[in-house]
Amino acid sequence: MTAMENPFRPTFGRTPPELLDRGDTLEEFEYGLRIRSGVLGLVSIITGARGVGKTVMLNEAQDLAQGQGWAVISETSTDGFLTRLADAALLLDDELGDGPPSRKVLAFTAAGFGVTTQLPQERQVEFRNLGASLLQRLDKQGTGLLITLDEVQDANRAELLQLAAVIQHWVRDGLPISFVCAGLPAAISDILNEGVATFLRRADRIDLHAVDIEDVEASYTRQYKEAGFVFPDGAMAESAAATLGYPFLVQLIGYFLWREAEKSGGTVAAESVKTAIHIALKRNIRMVVGPAIARVSNRDMSYLRAMALDTGPSSTAAVAKRMDASLQLATNYRARLIEAGLIEPAGRGEVKFSIPGLREYLRDSAN
């Protein structure tokens, strides 16, 4: 019986034991850290469906930056993130400066980039100048600043556009700044079409997709062999196929396989493999599918249920017919569902589900 701890961590944003098919994903970013200014990769946008590993890649970017001595400010795009970024930048500037760390941000006015501190009002500064001061300090040390922003689809657009404009100024000034954000593909496309700073349109776009099933099988085989677990023939192939290459499911199924191995003393029966897969798929429904559709309207749900009747990609025209809706109306539902990250284009006039298990959930709930 192995004394190893279960390496699988099926919680969002946790780095898995192996980053499958992601080895060179941040190559341009890592190279840019060495150059420090004005190169590809320092401004990057990570896109992909829910659970495909966007937050994990942000974590990897942070680790790479910190490994090269860069300062890192990490935020999620809930309201007020610009305030929190300003707060963190001011604290970093204090820590690197010669004076006492006496300033504390109490409020931040996004519209004017005004920062209110405990110092007299005349000490209020613009966010742009504040960041430039910090970046100049870091530049003298041969490092820079990385800002990461997760869940961009939830961002207040005014805050996001203001942040983009300020970062663009720092880039133009040759300061050592890097900006990496992550979000759902449709939301990212909308943001880039909203008159956002030009430099974001030229950002290195990293589109994450499902990993190769064979890579998942090889990874499972390595890790369970190292732990001394014994599985029946075909178990690793069956388990890998059940993940559909979806990184969150790779972690989830791996986690429950490990638990079954622990419970059985290290030798796992075929039935236990099926049990682990079944439990993991049910947990995926609860953790991913349920929250993803929680706020979907009844008509949008009708579109999803009409799609669920197919075994592969769905024609928008066929879905409209099943819904007894006009093609134009169905197209509107389609656009909303793509923006929500629940479905994605799959060729001319066709769409497919973005989240594994969503089709099965819809079919089960209809019975």
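Where is the place of Glu151, in the loop between which two elements? Glu151 sits between β6 (145–150) and α5 (157–172), and that loop is the first stop in these legends. This is a predicted model, in which local features need pLDDT of at least 70, side-chain atom pairs count only at pLDDT 80 or more, and totals for chains, interfaces and linings use all residues. Residues are numbered from 1 along each chain as its sequence is written, and side-chain values use heavy atoms, with hydrogens and water left out.

**View A. Glu151 in its loop.** Here we look at the loop between β6 and α5. Helices (H or I, at least four residues) and strands (E, at least two) are DSSP runs, numbered from the N terminus. Glu151 is not a glycine, yet its phi is positive, at about 55 degrees. Its relative accessible area of 28% makes Glu151 partly exposed (buried is under 20%, exposed over 50%, partly exposed in between, with a 1.4 Å probe and protein chains only).

View B. Asp324 follows α13 and belongs to the loop between α13 (316–323) and α14 (327–339). Like the residue in View A, Asp324 is a non-glycine with a positive phi, this time near 60 degrees. With a relative accessible area of 71%, Asp324 is exposed.

**View C. The buried face of α13.** Which residues of α13 are buried? They are Thr316, Val319, Ala320 and Met323. Looking down the axis of α13, these fall within an arc of 100 degrees, so they line one face of the helix (the arc is that of the directions from the helix axis to the C-beta atoms). Their cover includes α12 (298–308), β9 (314–315) and α14, where contact means heavy atoms within 4.5 Å.

View D. Ser315 caps the N-terminal end of α13, with a side-chain oxygen 3.3 Å from the backbone nitrogen of Ala317. Ser315 also has a bridge partner in β11, namely Glu350.

View E. Three strands make an open sheet in the order β9-β11-β10, with antiparallel pairing. β9 and β10 (343–345) are the edge strands, each pairing on one side only. Two bridges join β9 to β11 (residues 350–353) in the antiparallel sense; strands pair if DSSP finds at least two bridges between them. α12 lies across β9, β10 and β11, running at about 90 degrees to β11 (axes are lines fitted to C-alpha atoms, for helices over the stretch in contact, and angles run from 0 to 180 degrees between N-to-C directions).

Methods. A polar contact is a pair of N or O atoms within 3.5 Å; within protein, one must be able to donate a hydrogen and the other to accept it, and residues adjacent in sequence count only if both atoms are side-chain atoms.
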